[in-house]
Amino acid sequence: MTPFAPAVMLTATRPRIEPSGRERHFRDDQIIVSKTDLQGRITYANDVFIEVSGYEEAELLGAPHSLIRHPDMPRAVFKLLWDTLAEGREIFAYVNNMARNGDNYWVLAHVTPSRDRAGRVTGYHSNRRVPERRCVDLVAGIYRLLREAERSHQDRQAGLVASTSLLEATLAGTGKSYEEWIWTL
Ligand SMILES: Cc1cc2nc3c(=O)[nH]c(=O)nc-3n(C[C@H](O)[C@H](O)[C@H](O)COP(=O)(O)O)c2cc1C
């Protein structure tokens, strides 16, 4: 591989990308937008998404949103996201994403169900803005503990249960839901 080639190795499910350890940033006046179907496959990505993620539009469309999943992200947070959407509710969440070359970028995401005229959920929509650095530092510390809890179990499901319990215990200590808590940071 040349030094300029993206660190992408295609597998049957998603590209295996090594985190580069470099963080990339987008501007305060930019919003990263994507839409998905009910399974979380990308149906729309705006120009900012394409620019920041480093993927071509054709690579994004139809791909699972986990394409840009960073390995440091706790599974418990995605469980919370999907559980909230399944209840028909929207959620704000801090997410650390991974670009095509392995760089990471933090976002504050607002994810909402999209509905048709009859009120049926037809897909999901996410708008992401630049988060405050102070908040990212606090959230990253908690996410690290959640991820450690997940990695301490060989069984994935047991790891998810452990980190979900830890997230709930952390939130119980604040007396707030995840959403209420992130606005207090
Ligand atoms: C509208 C929408 C936007 C999403 N955005 C992201 C995202 O930016 N980054 C991410 O890692 N997962 C995102 N997800 C969650 C992914 O679908 C997936 O649950 C997550 O990446 C964990 O993947 P895994 O369970 O395969 O590890 C999004 C889901 C939806 C419905």
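Residues count as buried under 20% relative accessible area, as exposed over 50%, and as partly exposed in between (1.4 Å probe, protein chains only). The model is predicted: local features need pLDDT of at least 70, side-chain atom pairs count only at pLDDT 80 or more, and totals for chains, interfaces and linings use all residues. Numbering starts from 1 along each chain as its sequence is written, and side-chain values use heavy atoms, with hydrogens and water left out.

Helices (H or I, at least four residues) and strands (E, at least two) are DSSP runs, numbered from the N terminus. Two strands pair if DSSP finds at least two bridges between them. Five strands form an open sheet in the order β4-β3-β7-β6-β5, with antiparallel pairing. β4 (42-45) and β5 (91-98) are the edge strands, and each pairs on one side only. Neighbouring strands are turned by 30 degrees against each other on average, direction ignored. Axes here are lines fitted to C-alpha atoms, for helices over the stretch in contact, and angles run from 0 to 180 degrees between N-to-C directions.

The pairings can be followed across the sheet. Strand β3 (residues 32-36) is joined to β4 by three bridges. Here Ser34 has Ala45 of β4 as its bridge partner. β3 is also joined to β7, by five antiparallel bridges, and Thr36 stands opposite Tyr124 in β7. β6 and β7 run antiparallel and share eight bridges; Thr112 is partnered there by His125 of β7. The hairpin of β6 and β7 has five residues between the strands, and Gly119 takes a positive phi near 90 degrees. β5 and β6 also pair in the antiparallel sense, over eight bridges. Val95 stands opposite Val107 in β6. These two strands form a hairpin with five residues between them, and Gly102 in the turn has a positive phi of about 95 degrees. β5 is mostly covered, with seven of its eight residues buried.

Contact means heavy atoms within 4.5 Å. Helix α3 (residues 75-86) lies across β5, β6 (104-115) and β7 (121-129), and runs at about 140 degrees to β5. Helix α4 (residues 133-151) packs on the sheet and touches β5 and β6; its direction makes about 85 degrees with that of β6.

A nonpolar core is a set of buried Ala, Val, Leu, Ile, Met, Phe, Trp, Tyr and Cys residues joined through side-chain atoms within 4.5 Å. The largest such core has 45 residues, and Ile32, Tyr94, Tyr105, Tyr143, Tyr178 and Trp181 have the most contacts inside it. At least two residues each come from β4, α1 (47-53), α3, β5, β6, α4, α5 (156-174) and α6 (178-182). α4 supplies the largest share, seven residues. Tyr94 touches residues including Met73, Val77, Trp106, Pro131, Tyr143, Tyr178 and Leu185, not counting residues up to four places away in sequence.

The helix pairs are described next. The axes of α3 and α4 come within 8 Å and cross at roughly 100 degrees. α3 is therefore roughly perpendicular to α4. Angles of 65 to 115 degrees count as roughly perpendicular, under 35 as roughly parallel, over 145 as roughly antiparallel, and the rest as oblique. Arg75, Ala76 and Val77 in α3 meet Tyr143, Leu146, Arg147 and Glu150 in α4. The residues of this contact divide into four nonpolar, no polar and three charged. Ala, Val, Leu, Ile, Met, Phe, Trp, Tyr, Cys and Pro count as nonpolar, Asp, Glu, Lys and Arg as charged, and the others, Gly among them, as polar.

The axes of α3 and α5 also come within 8 Å, crossing at roughly 75 degrees. These two helices are likewise roughly perpendicular. On the α3 side, Arg75, Ala76 and Lys79 meet Arg156, Leu160, Ser163, Thr164 and Leu167 of α5. This contact holds three nonpolar, two polar and three charged residues.

Leaving aside neighbours within four places in sequence, Ser163 is in contact with Ala76, Leu146, Ala149 and Glu150. Leu166 is also found in α5, but is partly exposed, with a relative accessible area of 31%. Leu166 touches Leu145, Leu146 and Ala149, residues up to four places away in sequence not being counted.
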